[in-house]
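Keep the viewer open while you read.

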Amino acid sequence: MSILQKIADIESEMARTQKNKATSGHLGLLKAKLAKLRRELIEPKGGAGATGEGFDVAKTGDARIGFVGFPSVGKSTLLSNLAGVYSEVAAYEFTTLTTVPGVIRYKGAKIQLLDLPGIIEGAKDGKGRGKQVIAVARTCGLIFIVLDVLKPLQHKRIIERELEGFGIRLNKEPPNIQFKKKEKGGLNLTSLVTQTELDNDLVKTILNEYKIHNADITLRYDATTEDLIDVIEGNRVYIPCIYLLNKIDQISIEELDIIYKVPHCVPISAHHKWNFDDLLEKMWNYLQLVRIYTKPKGQLPDYSSPVVLKAGRSSVEDFCNKLHRSIIKEFKIALVWGSSVKHCPQRVGKEHVLNDEDVVQIIKRV
């Protein structure tokens with residue numbers, strides 16, 4: 001029996017099974033089996049699967065954004081108008097067949113945009129070229145899901161389900177679960193808050209499916225079966241996402257007001273270039289980039305080309321490594337001007353965390 005057939009069988013069994021306390025163990029086991037089969041589908045046992053021609057695009061710039069959506073929702077038009085890159089545009093479906101890269105400069109940062117081929121339902125199960133499309137989406141720092149405002153929002157649900165099947169979690173934080181395998185000692189489950197779904201038996205059932213019999217698990221919040229499976233699998237990526245509702249020139253002002261209230265959404269018209277300012281501002285907030293300006297000794301800061309770091313990885317050491325790996329070996333102290341210090345300039349060590357638009361001067365050991 002093929003993997004796809006096994007997946008279909010498990011999904012139909014899960015749909016038939018009633019959800020209650022008595023069946024939670026059985027459903028947990030099915031979910032674990034499903035996650036294992038999906039992993040096999042993404043990463044065949046004989047090593048990494050071959051990538052589709054035209055899908056491997058070299059990573060350039062400070063961040064990478066992937067455009068995901070059904071065929072002919074306006075992804076190519078949006079890329080053309082945002083980045084000035086020509087991606088074949090037509091009124092019929094599946095015009096773009098390979099990944100088309102483009103680059104925009106925004107607030108001093110160089111951001112790579114990828115127009116991914118149109119996704120189809122069943123991509124996570126190997127249909128169409130969806131498998132390669134979603135594999136590229138996993139490498140992005142932000143995902144734009146482009147939706148046609150006239151077509152129902154079930155498209156949104158289908159795309160989310162496809163991305164979830166590939167281990168991409170949209171606008172979510174990694175589960176606050178500590179999981180550590182050990183050589184012996186059995187299962188040690190600690191719950192810091194009352195659990196509504198997971199109990200000792202259910203956790204043991206899921207771990208048995210993964211042939212894990214000795215582990216320490218700490219649940220720091222009310223976790224679900226899916227959260228625990230994500231932590232055990234360990235191959236999930238957590239990516240921020242913005243939903244772009246395209247073709248707003250075809251709806252009324254009242255409908256537009258309703259759309260604006262949907263979380264993580266930006267209504268746009270790719271063809272007329274409407275609301276691009278709002279889109280770019282939201283993109284910047286979701287990417288969480290930190291711009292650092294360099295200041296050579298005795299000279300004015302260079303405000304034209306900032307060093308761009310990611311929030312959470314913006315220490316002085318990260319800044320030095322971004323400039324050149326050898327700098328940190330000769331590092332003595334750094335002088336910092338900006339919001340991350342109490343007085344300007346302030347002498348700091350390599351552990352100091354920098355804020356957006358700080359100015360830094362590196363002083364090397366003599």
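**A strand on the inside**

Start with β12: five of its six residues are buried, so the strand is largely enclosed by the rest of the structure. Buried here means under 20% relative accessible area, exposed means over 50%, and partly exposed is in between, with a 1.4 Å probe and protein chains only. Helices (H or I, at least four residues) and strands (E, at least two) are DSSP runs, numbered from the N terminus. A word on provenance: this is a predicted model, where local features need pLDDT of at least 70 and side-chain atom pairs count only at pLDDT 80 or more, while totals for chains, interfaces and linings use all residues. Residues are numbered from 1 along each chain as its sequence is written, and side-chain values use heavy atoms, with hydrogens and water left out.

Which strands flank β12? On one side, β12 runs antiparallel to β13, joined by five bridges, and Ile292 stands opposite Val307 in β13. Strand β16 (residues 358–364) runs parallel to β12, with three bridges between them. Ile292 also has a bridge partner in β16, namely Asp358, while Thr294 is partnered there by Val360. Two strands count as paired if DSSP finds at least two bridges between them.

Zoom out and you get an open sheet of five strands in the order β13-β12-β16-β14-β15, with mixed pairing. Its edge strands are β13 and β15, each pairing on one side only. From one strand to the next, the twist averages 40 degrees. Helix α10 (residues 316–323) packs on this sheet, touching β12, β13, β14, β15 and β16, and its direction makes about 115 degrees with that of β13. Contact means heavy atoms within 4.5 Å. For the angles, axes are lines fitted to C-alpha atoms (for helices, over the stretch in contact), and values run from 0 to 180 degrees between N-to-C directions.

**A lysine without a partner**

Lys295 is buried yet has no salt bridge, and Asp302, the nearest side chain of opposite charge, is 12 Å away. A salt bridge needs a side-chain nitrogen of Lys or Arg within 4 Å of a carboxyl oxygen of Asp or Glu. In the charge bookkeeping, Lys and Arg count as positive and Asp and Glu as negative, while His and the chain ends are not counted.

What does the side chain of Lys295 reach? The backbone oxygen of Gln299, at 3.0 Å. Leaving aside neighbours within four places in sequence, Lys295 is in contact with Leu300, Pro301, Trp337, Val359, Val360 and Gln361.

**The three-stranded sheet**

Now move to another open sheet, this one of three strands, ordered β6-β8-β7 with mixed pairing. The edge strands are β6 (177–181) and β7 (187–191), each pairing on one side only. Neighbouring strands of this sheet are turned by 5 degrees against each other on average, direction ignored. Strand β8 (residues 215–219) pairs with β7 in the parallel sense over five bridges, and Ser191 has Leu219 as its bridge partner in β8.

Two helices pack on this sheet. Helix α6 (residues 200–209) touches β6, β7 and β8, and its direction makes about 135 degrees with that of β7. Helix α7 (residues 225–233) touches β6 and β8, its direction making about 45 degrees with that of β6.

Most residues other than glycine have a negative phi, and most peptide bonds are trans. Asn171, in the loop between β5 (168–170) and β6, has a positive phi near 50 degrees. Lys247 also has a positive phi, about 70 degrees, and lies in the loop between β10 (241–246) and α8 (253–259). Asn171 is partly exposed at 28% relative accessible area, and Lys247 is partly exposed at 22%. A cis peptide bond joins Cys344 and Pro345, with omega about -10 degrees; Pro345 lies in the loop between β14 (331–337) and β15 (346–348).

**The whole chain**

Overall, the chain has 10 helices and 16 strands. Of its 366 residues, 46% count as buried. Among contacts with a separation of 6 or more, 64% come from residues 24 or more positions apart.

Key
Polar contact = N/O pair within 3.5 Å; in protein donor to acceptor, adjacent residues only side chain to side chain.
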